[in-house]
Amino acid sequence: MSQEPRIYILFLFLFLSHGVASHRVPDSMQDLHPLLQKMAEEIIYGRYLNALLDLIQFQRSHGWMAELSHKVLAYLNSRNVTFTIPSLQAAMENHLEQRLHQPQKLLEDLKETDDQQFRTAMKCLLEDKKDVLDLEDVVIDLGAIREQALQSPGVNRSLFVITLERCFQVLNSLECVEILGKVLKGSSGSFLQPDIPEKLPRHLPEDAFKNLSAVFKDLYDQTSAHSQRALYAWMTGILQTASNATDDSVSWVSAENLWILGRYMVHLSFEEIMKINPVEIGLFISYDNATKQLDTVYDITPDLAQAFLERISSSSFDMRNTSTIHRLGLLVCFYDDLDLLDAAVAQVLLHQMIKCSRLRGFQAGVHKLKASLLDIATENQTLNETLGSLSDAVVGLTHSQLESLSPEAVHDAISTLNQVSGWAKSQVIILSAKYLAHEKVLSFYNVSQMGVLLAGVGTQAFYGMDRRDLLQVLRSTISLHVTDLSPTQQQGILRKMSEAGDTASGIVEIQGAFFKEVSLFDLRREPGFNTTVLKEKELRRSQALFLYELLSKVTRRPEGLLSIGQLVKGLTCSHIDAMSVDSFLTHFHHFENNLSLLSPYQVNCLAWKYWEVSRSSMPPFLLAALPARYLASVPASRCVPLLISLGKSRLESFVLDSHKKNSVLRKVQQCLNNSIADEYMVDIVGNLLCHLPAAIIHRGVFPRAWATALHGLRHCPHLSPEQKAAVRLRLLEQHGLPQNWTAETTKDLGPFLVLFSGDELSSIATKFPDILQQTASKMAGTLLPKEFLWAVFESVRNSSEKSLSSAPSPGCHGVVAPSSGDIFTLAEANACWAPEDLLCTEEHTFTRSVELLGAVRGFGQPQLMTLKEKAVQFWDMPSYWKEYHIVSLGRIALALNESELEQLDLSSIDTVASLSQQTEWTPGQAKSILQGFLEDSGYRIQDLKSFHLVGLGTILCAMNITEISLIKISEFRVVLARIGTLLCSTHVLAMFKTKAEVVFGDPTKWSGSVLQELGTIAAGLTKEELQMLDKDLMPYFQPSAIKCLPDEIFKELSAEQIASLGPENAAAVTPAQRRQLSMLQLQSLQRALDGAKTRSWLDTPLSASPTRTAASGSPPGAPDTWGLWLSSPLLVLTAETVW
């Protein structure tokens, strides 16, 4: 990236400047081409965009000669219009800036172009080639302009609107469709509002209609339900007209029309589907691309799918023919003709049903159908005989069914089993054990056959492998599955690799995220790294800090290091400061391309560097990383580029302090004048939409902008309670109470359903249970409000089949017990089951659903106790439980008391690792798990390997000082980063710190990479050790370590050390720690939060710059005029993007 990006459109003043420099001015203007005269007239009237379009047209038609610039200038003089070069430049910049920063004005300009100018603009937009306009000494890169225009917020929307309004009257329809496709690709579907189809032409040539329909099909998933319905109406209106069907009894839906509709075929009504001529549906199914189309109808409902299946059945196709089944796509997920079905056909159906996981909802029905087909497929044959032909239906097999399999059967079916997705961890454990029981020895060949089942291999088995076999594993395609192993298993592999003494060769072979498990200690022992070796490897920040420092000593070219994206994590402020101006500006794009990998501290350092070396071209979002006054001093004339730059960034990733964030938002509000008037401004604010105050959301977003704003708010993950309340009020004002909503409204507002009360959601649960359940499914993994979960729970209970047990447990008479289908559909809403309901769970339901229940985060102690009692009821006492039983329990295991935990077989570290994933153990429970593992495995503390330490995880926090002292340093040093993620007590962290001293030496000599590696262990430092740390090391504490520092020790940090914490660590300071600080320390903390320079002389108190008054609030060293900032108003359009 150059310091001063080239601005191509300013060619007008450049080539006229060339004319002024010439001594020869023609006497007559009669030989000036009319198109150039027209261009000059556009310049005279200030229509510079029109002038550009005229010039492009002239150059393409006639070419350009140097003498033409003299003639154009002479023509301007002959019209008594005198331009000096500076005045022409200023006029052009002002005009073009307004058009790019006010896209509505750009739209108006495009509306006022004549047909030839408009045609030229559309042709420029249409072309894919890197089009360059060569005007002798001046080159205009039209390709770069086009690419940037299509990515510019607001501008893209203007191009879309003008294309809709004028293109079909001026250009060929096929060209207009292609242009619409290009513009829409950058819109994420937000341009396709429900009113857009009304503006589409109703009489398009057939090819153009098909192509435009294809564009809408490609954007189907990004289009709202209301817009889908409107686009469907537009498409069907044209198709019905073309079909000439006058009789309602004759369907307009032909085979070709179904193909044109594509995914929009799911919007056909049940009645319309049932009227389709059997010949036409048969012809459609016979198309080669029919299967591909039916594979994409993810949102089809059971009723419509059944209707399509019925019509296909009414044609000449045999629904039990293998060829027909292969053509059904996702319709196969609703296949219901099971009477007298042959086992072979059932197996074919099961194979085709692999794709059913793509359906949006209705998965409980799919599972039920698979279970029925599984029963049919195994009739008259044993499970051992049919295992390899059951496809992914094998995921439905219970523990007892899997246990009944022979090792030979698993071996013979491994090519199927190793590709199946959806296995539970407990199932993988059983199948892996069966496979290895047949193979006897764990070799490279055996491992290479296991695929997804590799996760079931025990850590001890990996550790027992021959090192040469492990090396082959790392070099082969099976290494892709190594990333899916648990940290314990991965450490088992690493420990084996390091035992031979030559770790370098093994480390080199490790790719992807697995490399993050390599210890800093091992990296320090093996310094023979280069940039080539590091490609395709993910790095922890501690690894990156060490490796960048190491490689920077031998690689003098920073681009060689920065091009390895992950290495930017290791860039320190010292490295940034040491870069020359040219090097920094030239290679800044490496930072831009990897901003998500940079810490807030690194972003702050980049911002200061840019401010110091080239503030006039500084990407505006970086101002938010500087003290608040720098952003506050940006003048109103620079607001739009500031909003665009901030809107493209993720503000929450580098502005962590709430007070500073509020100051940034005050500037944003000032720029917006507390309102968003239209959809163009929504485009401009981008991600800032998620941070706007509730008052603006409620009253400041104008009705014209609301639909577009709502589309953006859907993707905001962390709205505040006040923002949510404002959104809810707007929705109620616009759509009324949920009881009056349509299906389309409910779908479109899906992510916002969590904002409504249980009473408001009850009508949705009754009217649209499927939509509610699909919405909940999409939000899996997020913390959902209890009232929303209750609504989901009620919708599932009301729509599920009510069947009482034939032999209910005592106390369960008349109780509708949970079914496996209900449990699957409910997901986190299972937290709503009463303990009494769970107590009535039947054995087949519990065994099929235990892992789903164990993953529910909302279960309280009474529910967990009930589920534990069911486990004891069905599996016997804990002493009889096998590893897969314990692994499958998840959070249910938290209900085991100390006595029950002591009964478990904890001889396997993998079993212990599954328990240590839970973080809610009491000290007594954790101690029982630790003692149980030591007793059952026969290990003493001093015998523990590194992978045992990783597997124990949070259980390590239950160790006493004596036990910790017994851990071998040789094992401890390679898992420091893992142990450093634990939130143990202060005295335990202090003991870990003591052991870390043996590894890395005197704490006062630790480097940034060591502090980063240690994580929370660094919180075990004494106050004397902390006070002796160099202030420049403070940013390299992990935030978790800062939080773990005892209040009475944290207060011993000097004001200078606190000021050097960096924004992220400063934001981690707890309220209790803050209360212990002196006024001077609090001021230092505020400086760190604000992103101030740690060297105070570089960040003097705010004062006026030489060319601005004190009232202007210009930061020290600000440019003489903010007008220089961004180099040109056209940077947004023509320069490299800054984000």
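A disulfide is taken here as a pair of cysteine sulfur atoms within 2.5 Å. By that criterion, a search of the whole structure finds 7 disulfides. The structure is a predicted model, in which local features need pLDDT of at least 70 and side-chain atom pairs count only at pLDDT 80 or more, while totals for chains, interfaces and linings use all residues. Residues are numbered from 1 along each chain as its sequence is written, and side-chain values use heavy atoms, with hydrogens and water left out.

One of the 7 disulfides is formed by Cys333 and Cys356, with sulfur atoms 2.0 Å apart. The link of Cys333 and Cys356 is left-handed, with -100 degrees about the S-S bond. This pair links distant parts of the chain, 23 residues apart: Cys333 is in the loop between α18 (322–327) and α19 (343–352), and Cys356 is in the loop between α19 and α20 (363–377). Helices (H or I, at least four residues) and strands (E, at least two) are DSSP runs, numbered from the N terminus. Cys333 and Cys356 are each buried; buried means under 20% relative accessible area, exposed means over 50%, and partly exposed lies in between (1.4 Å probe, protein chains only).

Another disulfide joins Cys573 to Cys605, with an S to S distance of 1.4 Å. Here the linked parts of the chain are distant, with Cys573 in helix α36 (residues 573–578) and Cys605 in helix α39 (residues 600–614), 32 residues apart. Cys573 has a relative accessible area of 14% and is therefore buried. Cys605 also counts as buried, because its relative accessibility is 6%.

Cys690 and Cys716 are joined by a disulfide as well, S to S 2.0 Å. The torsion about their S-S bond is about -80 degrees, so this disulfide is left-handed. Cys690 lies in the loop between α44 (679–685) and α45 (694–700), and Cys716 lies in the loop between α46 (703–713) and α47 (721–735), so the pair ties together parts that are 26 residues apart in sequence. Both Cys690 and Cys716 are buried.

Cys832 is buried, because its relative accessible area is 5%. For Cys1044, the closest cysteine sulfur is in Cys984, at 8.6 Å, and this is too far for a bond. Cys1044 has a relative accessible area of 17%, so Cys1044 is buried.
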